[in-house]
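User: I'm new to this structure and would like a close look at one part, the aromatic rings. Could you walk me through them and then through what surrounds them?

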Amino acid sequence: MKALLVFGARPNFMKVAPLYRAMTAHDSFDAVLIHTGQHFDRAMSEEFLEVLELPTPDWHLGVGAGTQAIQMAEVMRRLEGVMADVRPDITVVVGDVTSTLAAAISSANLDIPVAHVEAGLRSRDWGMPEERNRVLTDRLSTFLFTPSADADQNLLAEGIPPERIFFVGNVMMDSLDWVLPRVSIAAAQETYGVAGRPYGLVTLHRPSNVDTATVLSGIVSALEGVAADLPLLFPVHPRTRQRLDTFGLGIEGPGLEVVPPIRYDLFTALLTGASIVLTDSGGIQEEATALGVPCLTLRENTERPITLASGGNELVGADPERILAAARRRLAVPPGDVNRPPLWDGQTAGRILAVLGG
């Protein structure tokens, strides 16, 4: 089976890597890596290939910057030619970024079956580009691989035939479990100046949080308040850095240290040793849950409700007072035991290949 593995943005790399490793170890698959270039910053792209020990992609589409419409159109335009040359048996897409939907549409147009890894997640917030991407990708997919039982129920409620739905677990955990033995928590903490003391982590990139000056300013003020109690390390996403500069927002106050994006392996090590993480990232909600690190999600909804049910994650929105109160409450109580959800066992890629015919 010749399988196109399409990726293009930071969250995709960790989901594609286990699939590529499993396919290349199996005689029944010929894996072809397609990097769309949706994320083109080295820290958001090439470094992930190195850390996850992925080879140079077979194809790099070089899409680059642009609006979602421009990026989607360019992925579709360039990918169509690749598909005509490669003639794949199936296209495997992951997650919910622009490249995911563009590859699914291109495949459907050429009658190539689509397998969607991380299918069925729903926030019910149609203002999120990711929600539109995942819903439309699921409608176009032949194989829908879900990370949790609630995702199965979402798909069934939308009329997806049950024979197309496969609960295989969370492929992000495959990468998490692969990288953990390869990192040193102590070395990462030393590198970023947090060795020997409690600290928290921050990530922030969603348009609803960073594209409006008043919202972003409020979140920054909340982070400065938390940092007065607990040092925070804040690797700033390129999008967030641009908005901070555009709005003229400085980050002040002791304890809040702004750094460039951190490599996946080093960030995982830092997250493992953190007292708390404040984020609007879906993947970090999952990783924090798996590692038992208290997580405050700066959103009013999540497509990963299983992380809430675990007790490790809490929705706090973007209101500064609510964020600060929740952080102080969580830091005042030692974190409880958090069990990984079912099939978050690091073996998801193997289950996917078994369904596809390996």
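Analyst: Let's begin with a cut-off: a residue counts as buried when its relative accessible area is under 20%, as exposed when that area is over 50%, and as partly exposed in between. Phe145 has a relative accessibility of 1%, so Phe145 is buried. Phe166, at 22%, falls in the partly exposed class. Keep in mind that what you're looking at is a predicted model.

Now for the rings themselves. A ring pair is described by how far apart the centres are and by the angle of the planes. There are 4 aromatic pairs here. One of them joins Phe7 and Phe13, with 5.1 Å centre to centre and 65 degrees between the planes, an edge-to-face arrangement. Phe7 and Phe13 are both buried. Phe145 and Phe166 make another pair: their centres are 5.7 Å apart and their planes stand at 35 degrees, so this pair is tilted. It ties together distant parts of the chain, since Phe145 belongs to strand β6 (residues 143-146) and Phe166 to strand β7 (residues 165-167), 21 residues apart. Phe143 joins in as well: ring pairs link Phe143, Phe145 and Phe166 into a cluster.

Another ring to look at is that of Trp178. The charged end of Arg21 sits over this ring, 4.1 Å from its centre. Helix α1 (residues 10-24) packs against helix α7 (residues 171-179) at an angle of about 80 degrees, and their axes are 8 Å apart. At that angle, α1 is roughly perpendicular to α7. On the α1 side, the contact involves Pro11, Met14, Lys15, Ala17, Pro18 and Arg21, while α7 brings Val171, Met172, Asp174, Ser175 and Trp178.

As for how strands β8 (residues 200-202) and β9 (residues 232-235) are joined, 2 bridges do it, and the two run parallel. To find the spot, look at Gly200, which stands opposite Leu232 in β9.

Notes
Residues numbered from 1 in each chain as written. Predicted model: local features only at pLDDT ≥ 70, side-chain atom pairs only at ≥ 80, totals over all residues. Heavy atoms only, no water. Pairing = 2+ DSSP bridges. Helix = DSSP H or I, 4+ residues; strand = E, 2+ residues; numbered from the N terminus. Phe/Tyr/Trp six-rings, centres within 6.5 Å; stacked < 30°, edge-to-face > 60°. Buried < 20%, exposed > 50% of the residue type's maximum accessible area, 1.4 Å probe, protein only. Lys NZ or Arg CZ within 6 Å of the ring centre and 35° of its normal. Axes fitted to C-alpha atoms, helices over the stretch in contact; angles between N-to-C directions. Parallel < 35°, antiparallel > 145°, perpendicular 65-115°, else oblique. Contact = heavy atoms within 4.5 Å.
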